[in-house]
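Student: I am new to this structure. Could you take one part of it and go through that part closely?

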Amino acid sequence: MSHNGIDQPRTALVVVAHHRSDSLTAHIARRTAARLEAAGYRIDLLDLHAEGFDPRMTEADQPDWGNREKTYSREVHEHMDRILAADIVIAAFPVYWASVPAVLKGWIDRVWNYGFAYGRSKPRLAGKRMLWLGLAGAAADDALIPFMQQTLEGQLNMGIAYYCGFSYSAVGLLPDAEERRQRIDADGTLLINAPTVGAEREAQYAALEHKADEFVANFLTAEAVSA
């Protein structure tokens, strides 16, 4: 990006949607931010819980279908400014019920609002790019994984990013995120493995980190190709 002939670093908004700062989700978010910074991005790290974001809808932030220029709450407008300043947005979150957790859904509900993220013939978020990194406790070989991938892609890529004018959106699903792998058998019974420990546990999480790195690398490659 150039301003007055001077190249300016692009900005990446990295959103963390987990209630614990020591969680694997937060770790993957910080790791992703470091990779993006090494790639030349300026990082805006938004930890929704740490910053005290309230996901509950309020009257101040309720859409007014008769007024797309409505002034929402100060908090929401501050978040809108952070999205507008970003070239790419990456959200890291635990997968709950084949969807996003309440804090991330509420952030989208309140901030990605009418007149800002949608409701205009020329979307204000047009041209931005989005990567969703979802950490799932289900085992990689669970029959649920393809359904989870398809569901998240429909909700996040089409139902949100595409609807809001993003030029590109991808879902990076990261199963095996729990020390006790889970799967459903053919009879619908939930099977929970014994916890992984020692070298096996280290290998499990190293593989998850590697997969997350691949998603980020592919995302950046896709961005470079389409630029």
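In β4, which residue is the bridge partner of Val-15?

Tutor: The partner is Leu-46 in β4. Keep in mind that this is a predicted model.

Val-15 belongs to β3, which covers residues 11-16. The strands β3 and β4 pair in the parallel sense, over 6 bridges. Turn to β5, residues 88-94. Strand β3 is joined to β5 by 5 bridges, and these two strands also run parallel. There, Leu-13 has Val-89 of β5 as its bridge partner. Strands of a sheet pair through backbone hydrogen bonds, either parallel or antiparallel.

Now widen the view. The open sheet has 5 strands, in the order β4-β3-β5-β6-β7, with parallel pairing. Its edge strands are β4 (42-47) and β7 (168-174), each pairing on one side only. From one strand to the next, the twist averages 15 degrees.

Two helices pack on this sheet. Helix α2, residues 74-84, touches β3 and β4. The direction of α2 makes about 145 degrees with that of β4. Helix α3, residues 102-111, touches β3, β4, β5 and β6 (129-135). The direction of α3 makes about 130 degrees with that of β3.

Back to β3 and its side chains. Thr-11, Leu-13 and Val-15 point one way. Ala-12, Val-14 and Val-16 point the other way. Both sets are buried.

Lys-128 sits in the loop between α3 and β6. Lys-128 is buried, yet has no salt bridge. The nearest side chain of opposite charge is Asp-87, 5.8 Å away. The side chain of Lys-128 does reach the backbone oxygen of Ile-83, at 3.4 Å. Beyond its neighbours within four places in sequence, Lys-128 is in contact with several residues, among them Leu-84, Ala-86, Phe-166 and Tyr-168.

Last, look at helix α4, residues 144-162, where Met-148 lies. Met-148 counts as buried because its relative accessibility is 6%, and the cut-off for buried is under 20%. Leaving out residues up to four places away in sequence, Met-148 touches Val-95, Ala-98, Ala-136 and Leu-173. Met-148 and Ile-108 are 40 residues apart along the chain, and their C-alpha atoms are separated by 20 Å.

Note on methods
Residues numbered from 1 in each chain as written. Predicted model: local features only at pLDDT ≥ 70, side-chain atom pairs only at ≥ 80, totals over all residues. Heavy atoms only, no water. Pairing = 2+ DSSP bridges. Helix = DSSP H or I, 4+ residues; strand = E, 2+ residues; numbered from the N terminus. Axes fitted to C-alpha atoms, helices over the stretch in contact; angles between N-to-C directions. Contact = heavy atoms within 4.5 Å. Buried < 20%, exposed > 50% of the residue type's maximum accessible area, 1.4 Å probe, protein only. Lys, Arg positive; Asp, Glu negative; His and termini not counted. Salt bridge = Lys/Arg side-chain N within 4 Å of Asp/Glu carboxyl O. Polar contact = N/O pair within 3.5 Å; in protein donor to acceptor, adjacent residues only side chain to side chain.
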